[in-house]
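Hi,

Here is the structure I promised to pass on.

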Amino acid sequence: MIRNSDISGAMTIKLDKIFDQLPQMPEFVNGIRRASTREFTLSRRETELALKNALRYIPEKWHTVLAPEFLDELLTTGRIYGYRFRPEGNITAKPVDQYNGNCIEGKAFQVMIDNNLDFDIALYPYELVTYGETGQVCQNWMQYRLIKQYLENFTRHQTLVVESGHPVGLFESAPESPRVIITNALMVGCFDDQENWHRAAALGVANYGQMTAGGWMYIGPQGIVHGTYSTILNAGRLKLNIAEDKDLRGYLFVSSGLGGMSGAQGKAVEIANGVGIIAEVDYSRIQIRHEQGWIGRIVDDPAEAFSLAKEYQQKKETLTIAFYGNIVDLLEYAVDKNIRIDLLSDQTSCHAAYEGGYCPQGLTFEQRTELLRTDHTKFKEYVDRSLKRHFELIKSMVDRGVFFFDYGNSFLKAVFDAGVKEICKNGKDTTEGFIFPSYVEDIMGPVLFDYGYGPFRWVCLSGKKEDLIKTDKAAMACIDPNARFQDKDNYIWIRDAEKHNLVVGTQARILYQDVAGRMNIALKFNEMVREGAIGPIMMGRDHHDTGGTDSPFRETANIKDGSNIMADMATQCFAGNAARGMSLVTLHNGGGVGIGKAINGGFGLVLDGSERVDGIIRIAIPWDVMGGVARRSWARNENSIETGIKYNVERKGRDHITLPFIANEKLVKNLVTDAFEKKRSSHAEP
Ligand SMILES: NC(=O)c1ccc[n+]([C@@H]2O[C@H](COP(=O)([O-])OP(=O)(O)OC[C@H]3O[C@@H](n4cnc5c(N)ncnc54)[C@H](O)[C@@H]3O)[C@@H](O)[C@H]2O)c1
């Protein structure tokens, strides 16, 4: 019989190494947003299992106290978070040299984790949710404590393995290997659905990492401001015939959501000089964005919202208005009064519509929270009814010439799940896509991802603003604004980034760049670290990128060769980045669109100024970007083929991409028509 004393004796990293005695329950600070109760659906046997699973982290001497406490958490919140092990008060990223550790990577990842859990950044900091309603750094505070301990202890000869938030352990590796490898919620195919995930999460064996939350690379809403700015600007160019050197002056953008990522919408409209109305049901979110200066005015009357918008559109001045209320009510008014909206979207958390991500029409935010807790079936009915109405209103607007696009929140899929088959191109299922475009399919895919432009980002680990200013300037010097219009947009973005006051949390920046831009900027930064001009940098990207994510409803929505249901690219991207020595690699199920609907991955690379890191940048960045471009070009995406041709010439003797020959449409069509005709007539013969 194995004894707990033997188990304890065999481990040097464990909770009672940090705590001499069971810590006191920390105070919950008033006014901090809390995750809504996740529905409790476990059977009696599964509840026992969940409890035993959580107690695996706990030394036996504390079981009698913690077992009832954990059971209570499970029954009341739907999860075991282990609140008792949460540090007291706010968790804030400190300068990297204030962390303990045996190597810079170990300290750097602690900066990133703490930044992801900061009260100012995290959506539900007590429940370890960074953004997107359910995206967690890890599942519980015991894991947080152990991960921190591992990061403090590991050396350049070890790799920490994290599976769905659980630190499996340290394994010997080479100094050139990744220091951390993370996977989140990778479920076996036949169980890869919401119901099984929900059960697995309650059992304490699955973590929903979203994209950068579980990959520890979230940098606050700034991370998405640049992408949103590029999306709405290019939507205007494509659909409103705005010239490449002009912006959204005089145009109206309407959407919803001022949460973790959606909160970027107001700022993006402002940077593009347009007018925006963003509906939000949770007043606390509006307040945050207002205090931050990302929202100009708050109104709760649709008439006032639209009249203010009109005034600013006519003046050709920018204004961002938060409408405190439901997006469906706002759209009812616009349809009723025949108000002209130029660009329309939605960024409620529809990837988790039935878990509270979408607040149905007819319920206030508080009523939604209560109904979610008391009657999930009824809540679901409300959501379905509201989504149907939402769809009808959008349809009437589109009929009047409004450009609506899905903004990567699984809105179209949620409408389909609510029972609206009409939203599918083929009127029955999602295999051929939806009648409305998704922002990647029509805009971001062809204009950015197909060329390799994606959300490159960095964090100044020193925490110093001067470092960020220096890196902004250095990055700007690497961009030729006359190369392409995308480069011009990116140049303007980085030139004005400081002025727009985008930093929330630690000093970080996002900048869309293509392969050459990312590599040159990373090399420049590493040189600056080497010369002592700046402190070390964490470089990474959003998973939402050229090659990091397979997601047929989003990132790979513009892949049309039938391979959009495959997840080979994201998996290869992850493996290739590990093989090339990125400091952290991560692969997740779900991301922004929900479990089973995407596989996505990312990386982190600590720029320590060494030549070793120069070497990694030179081989890993081209792979990370061009692996995606290669797949996109193989799907016959023209802009990617163009990029691939150029790349094969530039990198001759180093890299080589297989490019597709293009079949003659007429040849194929005629042949297939003849074959089908023959087949039909042979069947018709008696
Ligand atoms: N386009 C992208 O690049 C991208 C990136 C990240 C996330 N996403 C997706 O966008 C969605 C939003 O992400 P987030 O991090 O902002 O989530 P979030 O949950 O923090 O914010 C969503 C907000 O919508 C509000 N809301 C819900 N229903 C509403 C309604 N009917 N009317 C008005 N407001 C309503 C909520 O109160 C909440 O504040 C998620 O589905 C996420 O996966 C998209």
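First, some ground rules. This is a predicted model, so local features need pLDDT of at least 70 and side-chain atom pairs count only at pLDDT 80 or more, while totals for chains, interfaces and linings use all residues. Residues are numbered from 1 along each chain as its sequence is written, and side-chain values use heavy atoms, with hydrogens and water left out.

**Cavities**

The search of the whole structure turned up four cavities of 30 Å³ or more. A cavity here is a set of points, on a 1 Å grid over the protein atoms alone, where a 1.4 Å probe fits but cannot get out; lining residues have an atom within 4 Å of a point. Volume is the space filled by probe spheres set on the points, with grid points joined across faces, edges and corners.

The largest cavity comes to about 620 Å³. It has 45 lining residues, and G132, S262, Q347, T348 and S349 are the closest to its centre. Two or more lining residues come from each of α8 (222-239), β7 (275-280), α13 (365-374) and α16 (439-447); helices (H or I, at least four residues) and strands (E, at least two) are DSSP runs, numbered from the N terminus. The largest share, three residues, is from α8. By class, this lining has 17 nonpolar, 21 polar and seven charged residues. (Ala, Val, Leu, Ile, Met, Phe, Trp, Tyr, Cys and Pro count as nonpolar, Asp, Glu, Lys and Arg as charged, and the others, Gly among them, as polar.)

The second largest cavity has a volume of about 210 Å³. Its lining is made of 21 residues, with R79, Q139, A201, G204 and A206 nearest the centre. The largest share of that lining, four residues, belongs to α7.

**The ligand**

So where does the ligand sit? In the largest cavity, going by the rule that more than half of its atoms must lie within 2 Å of the grid points. Around the ligand are 34 residues, the closest being S262, E280, R285, H351 and G592; to count, a residue needs a heavy atom within 4 Å of the ligand. That shell divides into 12 nonpolar, 17 polar and five charged residues.

The side chain of R285 has an N or O atom 2.6 Å from an oxygen atom of the ligand. For N326, a side-chain N or O atom is 3.1 Å from a ligand nitrogen atom, and for H544 one is 3.5 Å from a ligand oxygen atom. On its own the ligand has 850 Å² of accessible area, and the protein covers 98% of that (Shrake-Rupley method, 1.4 Å probe).

**The largest pocket**

A pocket is an open set of grid points with protein on both sides within 12 Å along at least five of seven lines. The largest pocket holds about 800 Å³ of space. Of its 36 lining residues, L55, R56, Y57, I58 and H166 lie nearest the centre. Elements giving two or more residues include α1 (4-9), β4 (166-172) and α7, and α1 gives the most, with four.

Cheers

Key:
A polar contact is a pair of N or O atoms within 3.5 Å; within protein, one must be able to donate a hydrogen and the other to accept it, and residues adjacent in sequence count only if both atoms are side-chain atoms.
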